[in-house]
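Please keep the sequence and the 3D view at hand while reading.

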Amino acid sequence: MPREALEALQFARLRTTLRNAHDNVALHRKRMEESGVVPEEVRTLDDLRRLPFTYKSDLRDSYPFGMFARPLNAVARIHASSGTTGKATVVGYTREDIQNWADLMARSLHSAGARAGDVIHNAYGYGLFTGGLGAHYGAERLGATVVPMSGGSTERQIALIMDLGANILCATPSYALAMAEVAEQQGVDLRKSQLRVGVFGAEPWSNAMRCEIEERLAVKAIDIYGLSEIMGPGVACECPAQAGLHGWEDHFLFEVLDPETQAPVPEGDAGELVITTLTKQALPMLRYRTRDITRVTTAPCDCGRTHLRILRITGRSDDMLIIRGVNVYPSQIESVLVGRAMISPHYQLVVERRGTLDHVTIEVEAQCGVDAEAFPAIARDVARHVKSMVGISTDVVVKLPGEIPRSQGKAVRVRDLRPKE
């Protein structure tokens, strides 16, 4: 679709979304009235910027159903976050929302290279987490055969991938590497499986990790993006060009803003991604602050799709560390670590407060067979390259193989030991 027609569709759907939010969600109505915004007056993106933001805390403060625009008897499904850092964020879907989600996940999987008739091994967690069921319904909508494995039981996962002839793997990137590690320990070569594409998301990952996955699994590693507050997986997805994630603009309106000033940044510059839903019925979200740091481009993609492309998520504004005046995202350190000689791709960053400054200790894991006498030299090598590439001084601790915890879902990359404010 030409961008002019796409934008016309966006704004027609935006008007419907604004009316739905105003009429059926007290919080949105109150904020619109305080901002002096009438839904019918919003006709351009500049007009949209008159609307206030929506935050994850709004969902927690409205727990459980205060942000729903439909009564519970019109809600077909509920998902929720784990709530480990506070109250869970509860999200709801009408039957039409579920259908749109399945369509967008099917579109995303097709964009990644999956096709009807493929066997899709789904290792995303099922349950209240949106990843498992999101990928499952999309794969069925595509016409693929789904293996609903969920997370865990890694040895069985590997056996089923080999025995059932899976063509597509859906998982977090960190769990894909954990599967590769276990397979190698078992003497199973996943590079000889029938896998050709991996669709990886739910956590930030670097290009270095992509290269590691592609080498160890012999798949094309495709990035997929989503968040439960907006829909779940399938908000955006890469194509085989691997040149950015196509954001599905017929269902979502994307902005990139300076996280401090809230002003829009020029196309191609880094900022925080802000998303407005255009077709969600049960949970319309207006200018939702994702906290994800990225860049976007509307330049044509080699694949022919005209949707804007979201370039790789480099981190979250609330995950950024300030180390002796230097802004650092964990993904920057990961890009230095993954692929280095004698260490595995598993790591953790331990953040502590020393005096008035934050300090980072990098815990890395030696590869199997590396002599412990080499650990000090490995630590010096890692510290030197992090200093050179990222610009900060760190302590580095080299651990034995298997000592860093493995995750079957989202990897825990940062252990924050700083005192709570």
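Helix axes are lines fitted to C-alpha atoms over the stretch in contact, and angles between them run from 0 to 180 degrees between N-to-C directions. The model examined here is predicted.

With that definition in place, the axes of α5 and α6 come within 7 Å and cross at roughly 75°. Angles of 65 to 115 degrees count as roughly perpendicular, and α5 and α6 are therefore roughly perpendicular to each other. On the α5 side, the contact is made by I98, Q99, W101, A102, D103, M105, A106, L109 and H110. These meet T130, G134, A135, Y137, G138, A139, R141 and L142 of α6. By class, the residues of this contact divide into 10 nonpolar, 5 polar and 2 charged.

Buried residues in α6 are T130, G131, G132, G134, A135, H136, G138, A139 and L142. What covers these buried residues includes helix α5 (95–112) together with the strands β1 (77–80), β2 (90–93), β3 (119–122), β4 (145–147) and β8 (232–238). After α6 comes G143, whose phi is positive, near 95°.

The axes of α7 (residues 154–164) and α8 (residues 173–186) come within 9 Å and cross at roughly 80°, which makes α7 roughly perpendicular to α8. Helix α7 contributes T154, E155, Q157, I158 and I161 to the contact, while α8 contributes Y175, A178, M179, V182, A183 and Q186. Of the residues in the contact of α7 with α8, 7 are nonpolar, 3 polar and 1 charged.

Strands of a sheet pair through backbone hydrogen bonds, either parallel or antiparallel. In this model, 4 strands form an open sheet with mixed pairing, in the order β20-β19-β18-β21. Strands β20 (395–399) and β21 (414–416) stand at the edges with a single partner strand each, so one side of each is left without a neighbour in the sheet. From one strand to the next, the twist averages 20°. Within this sheet, β18 (residues 343–354) and β19 (residues 357–366) run antiparallel and are joined by 9 bridges. Q348 stands opposite E363 in β19.

Key: Residues numbered from 1 in each chain as written. Predicted model: local features only at pLDDT ≥ 70, side-chain atom pairs only at ≥ 80, totals over all residues. Heavy atoms only, no water. Buried < 20%, exposed > 50% of the residue type's maximum accessible area, 1.4 Å probe, protein only. Helix = DSSP H or I, 4+ residues; strand = E, 2+ residues; numbered from the N terminus. Contact = heavy atoms within 4.5 Å. Parallel < 35°, antiparallel > 145°, perpendicular 65-115°, else oblique. Nonpolar A, V, L, I, M, F, W, Y, C, P; charged D, E, K, R; others polar. Pairing = 2+ DSSP bridges.
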